[in-house]
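Please read the points with the structure at hand.

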Amino acid sequence: MKEILSFKQAASKSLTEEQLRQVEEVEALGCNDPYSFLQLKEMFEDESVDNFICCDGDKIVGFATSKCNKRYYDGCIYIINLVVLPEYRKCGVATQLMEVMTKFYLKKCADLYITLDVTKTNIPAVKLYQKLGFTVPDFATKNKGDDEMVMSQPLTNLAKNIENLKKIKVRNSCTK
Ligand SMILES: CC(C)(COP(=O)(O)OP(=O)(O)OC[C@H]1O[C@@H](n2cnc3c(N)ncnc32)[C@H](O)[C@@H]1OP(=O)(O)O)[C@@H](O)C(=O)NCCC(=O)NCCS
């Protein structure tokens, strides 16, 4: 029976081996060049990385990882990874993961920009970030190769944009 999706921050070292295997599966199904199990385990156990997960009951169906990094782009919140299981896509899961992440950082570092790298040809991701209000900053274009682009915006703008998009709900009618 279908359960309601839940979204939360996953504290460092809080995921079991089984849950990390689920993260690995989400990653493998979402990325051309996926992080290995050990890399993901390190990421989820690194206290400087913040992890956010979406669960359908006990099953992890999406996750995001990010960090506040003073060395990236003169100090920003950097999104390392955002992946959703294929059968849960286009239901608002990524948008809601971004919302949980945004609320978390608003309490810690509301004055920062939130920044990411995306492959230009990754249309779902580019469209998602554009919809959330990310744009390509002038400073970023000259440092990047042809395939990748940097997108960024102030965290407070993202929070407002997500509020404006609140009508996007995780729809219970999504097929899986
Ligand atoms: C990119 C990704 C995370 C989006 O997750 P998602 O849960 O499907 O995203 P959402 O449902 O929140 O989508 C929000 C908006 O993003 C855009 N979008 C998402 N998927 C899209 C697609 N396949 N085609 C076009 N636009 C898309 C739409 O504007 C959508 O709004 P709408 O549903 O009102 O049209 C998901 O496709 C994924 O896991 N891809 C593989 C991993 C990846 O590329 N991650 C990004 C790394 S930078």
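1. Start with the contacts in the protein chain that have a separation of 6 or more: 65% of them join residues 24 or more positions apart. Two residues are in contact if their C-beta atoms, placed from the backbone, lie within 7 Å. The model is a predicted one: local features need pLDDT of at least 70, side-chain atom pairs count only at pLDDT 80 or more, and totals for chains, interfaces and linings use all residues. Residue numbers start from 1 along each chain, as its sequence is written.

2. **Layout.** The protein chain holds six helices and six strands. Read from the N terminus, their order is β-α-α-β-β-β-α-β-α-α-β-α. Helices (H or I, at least four residues) and strands (E, at least two) are DSSP runs, numbered from the N terminus. The protein chain has 176 residues, and 30% of them count as buried. Buried means that 20 or more other C-beta atoms lie within 10 Å of the residue's own; exposed means 12 or fewer, and partly exposed is in between, with C-beta atoms placed from the backbone.

3. **Core.** Which residues have the most contacts inside the largest nonpolar core? They are Val61, Phe63, Val93, Leu97 and Ile114, in a core of 40 residues. E4 gives the most to this core, with seven residues. A nonpolar core is a set of buried Ala, Val, Leu, Ile, Met, Phe, Trp, Tyr and Cys residues joined through C-beta atoms within 7 Å. In soluble globular proteins, nonpolar side chains tend to be buried together. Take Phe63: not counting residues up to four places away in sequence, Phe63 touches Val23, Val26, Asn51, Phe52, Ile53, Cys54 and Val83.

4. **Ile77.** This residue lies in strand E4. Is Ile77 buried or exposed? Ile77 counts as buried because it has 24 C-beta neighbours inside 10 Å. Beyond four places in sequence, its contacts are Ser66, Cys68, Tyr105, Cys109, Leu112, Ile114, Thr115 and Leu155. Lys67 is 10 residues away along the chain, with 5.6 Å between the two C-alpha atoms.

5. **Asn69.** Look next at strand E3 (residues 59–69), where Asn69 has its place. Asn69 has 16 C-beta neighbours inside 10 Å, so it counts as partly exposed. Leaving aside neighbours within four places in sequence, Asn69 is in contact with Cys76 and Tyr78. Val49 is 20 residues from Asn69 along the chain, and their C-alpha atoms are separated by 9.5 Å.

6. **Helix pair.** The axes of helix H1 (residues 17–30) and helix H2 (residues 37–45) come within 10 Å and cross at roughly 120 degrees. Axes are lines fitted to C-alpha atoms, for helices over the stretch in contact, and angles run from 0 to 180 degrees between N-to-C directions. H1 brings Leu20, Val23, Glu24 and Glu27 to the contact, and H2 brings Phe37, Leu40, Lys41 and Phe44. By class, the contact of H1 with H2 has five nonpolar, no polar and three charged residues. Nonpolar covers Ala, Val, Leu, Ile, Met, Phe, Trp, Tyr, Cys and Pro; charged covers Asp, Glu, Lys and Arg; the others, Gly among them, are polar.

7. Leu15 lies in the loop between E1 and H1. Leu15 is buried because 21 other C-beta atoms are within 10 Å. Apart from neighbours within four places in sequence, Leu15 is in contact with Ala10, Leu20 and Phe44. Lys13 is found in the loop between strand E1 (5–10) and H1. Lys13 is exposed, since it has 10 other C-beta atoms within 10 Å.

8. **Backbone check.** Most residues other than glycine have a negative phi. Please inspect Lys13, whose phi is positive, near 65 degrees. Inspect Lys90 too: its phi is positive, about 60 degrees, although it is not a glycine. Lys90 lies in the loop between E4 and H3.

9. **Ligand.** Of the 22 residues around the ligand, Arg89, Ala94, Thr95, Lys127 and Leu128 come nearest. A residue is near a molecule if its C-beta atom, placed from the backbone, lies within 6 Å of it. H4 gives the most to the shell around the ligand, with six residues. The shell has 14 nonpolar, four polar and four charged residues.
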